[in-house]
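Colleague: I'd like to learn how to read a model like this one feature by feature. Could you take me through it?

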Amino acid sequence: MTGRRLTEFSHGAGCGCKLGPEHLAELLATLTPPTAPDLLVGTETGDDAAVWRLDADRALVATTDFFTPVVDDARTWGRIAAQNAASDVWAMGGRPLFALNIVAWPRDELPMSVLGEVLAGGAEIGAESGFAVVGGHSVDDPEPKYGLAVIGEVHPDRILTNAGLRDGDVLVLTKALGIGIATTAIKAGTVPAGLTGAAVASMTRSNGPAASAALAAGATGCTDVTGFGLLGHLSKMAAASGVDAEIDVAAVPFLDGVRALAEAGTVPGGSRRNRDWVAPRVDAGAYGEVDLLLLADAQTSGGLLFGAAPERAAEAVAALGAPAAVIGTVRTGTGRIALR
């Protein structure tokens, strides 16, 4: 290569580079939401993907996601980015069918062979998850970026959405938090032993089994926890569903070692923006700044967050195994979150 690590080319880490939720809210407020009889899910509640009805039994799910390098191994980055993009389809209760590559590449700085490794990683995830990665689009860019546009399918009567949480549901989180902090430490070269492997294993694990567990549990409300962190995505879900949420902070799973990093100040800017955005809607109770930053940490290829009846949620957690956990409850309300 060039003597530089892949993560040195990025100004931030993965989904932590997303525009902040406050900026997206301002932008979307200026746009007129599209309407059409067959557009089942659009932009109104900030859902993970768009859904278009084909007939009574079939609907298409469409999404796109791409980001800067989060690790220095090119193939691993490709695997993470592809898994992250497909996650939006799983979060809607769908199944990915095929995907197109999205590439931005500094052709004079990084060899094409490195890009070949990135694309190979994305293709591997497609093969493992049962969808094809075909073609795509590329541009010359000083900062490398990679992701997928993914098309999937879902039954129109079994769509999971941001607005589907119900009074009395308990909340299930299927992956540990702390990815944003971990990848920031990777980029800075300060990641402790063992954390890189744990973070990569989490980011490359498919949310397909979690989606199946959510559907089997009778869930109607679901999202994947990515760039806006647990608090940001839950805040959007709660507001769209007309509920308040209470989080049992002690039950929330975290990657080993990320709390110490957060206490030392290794926190991505995206996590701080998330924390500031949700602050007016969060009752922190006895929890301090580090806890809030951990709960707001910007995830890349994070787990699913869904609501289900208590006994069904317990069955889903048992089927998925650790780190999946019941982390809270929801009641009819106005979109507020309390930490307990």
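Colleague: Which residues does Ala176 touch, not counting residues up to four places away in sequence?

Modeller: A contact here means heavy atoms within 4.5 Å. By that test Ala176 touches Pro253, Phe254, Leu255, Gln299 and Pro323, with residues up to four places away left out. Keep in mind that this is a predicted model, where local features need pLDDT of at least 70, side-chain atom pairs count only at pLDDT 80 or more, and totals for chains, interfaces and linings use all residues. Residues are numbered from 1 along each chain as its sequence is written, and side-chain values use heavy atoms, with hydrogens and water left out.

Colleague: Where is Ala176 placed, and is Ala176 buried or exposed?

Modeller: Helices (H or I, at least four residues) and strands (E, at least two) are DSSP runs, numbered from the N terminus. Ala176 sits in the loop between strand E7 (170-173) and helix H4 (179-188). For burial, buried means under 20% relative accessible area, exposed over 50%, and partly exposed in between, with a 1.4 Å probe and protein chains only. Ala176 has 10% relative accessibility, so it counts as buried. Its C-alpha atom is 20 Å from that of Val89, 87 residues away along the chain.

Colleague: Pro323 was among those contacts. What is the peptide bond from Ala322 to Pro323 like?

Modeller: That bond is cis, with omega near 15 degrees. Pro323 itself is in the loop between helix H11 (310-320) and strand E12 (325-332).

Colleague: Backbone angles next. Which phi does Ser301 have?

Modeller: A positive one, about 55 degrees, although Ser301 is not a glycine. You'll find Ser301 in the loop between helix H10 (289-295) and strand E11 (304-308). Its relative accessible area is 1%, so Ser301 is buried. Ser301 is also one of the residues touched by Gln83, along with Ile125, Ser129, Met203, Thr204, Arg205 and Ser206, again skipping residues up to four places away in sequence. Gln83 belongs to helix H2 (residues 74-91) and, at 4% relative accessibility, counts as buried too.

Colleague: What does UniProt list for "binding site"?

Modeller: UniProt positions are given in the numbering used here, feature names are shortened, and annotations may be inferred rather than shown by experiment. The unreviewed entry lists Asp48, Asp88 and Asp224 under that heading. They are spread over 177 residues of sequence, yet they cluster in space, with a largest C-alpha distance of 7.5 Å.

Colleague: Where does Asp48 lie, and what is Asp48 in contact with?

Modeller: Look in the loop between strand E1 (39-41) and strand E2 (50-53). Asp48 is buried, with a relative accessible area of 13%. Leaving aside neighbours within four places in sequence, Asp48 has contacts that include Asp88, Asn162 and Asp224. Asp224 lies in strand E8 (residues 222-224) and is buried at 1% relative accessibility.

Colleague: Now a surface case. Is Ala250 buried or exposed?

Modeller: Ala250 counts as exposed, at 73% relative accessibility. Ala250 is in the loop between strand E9 (243-247) and helix H8 (258-263). The C-alpha atoms of Ala250 and Arg340 are separated by 8.3 Å, though the two are 90 residues apart along the chain.

Colleague: Let's zoom out. How many helices and strands are in the chain?

Modeller: The chain has 11 helices and 13 strands. For overall size, the radius of gyration is taken over C-alpha atoms, and the globule rule is 2.2 Å times the number of residues to the power 0.38. The chain's radius of gyration is 19 Å, close to the 20 Å that the rule gives for 340 residues, so the chain is as compact as a globular protein of that length. Of the 340 residues, 54% count as buried. Residues 24 or more positions apart account for 85% of the contacts with a separation of 6 or more.
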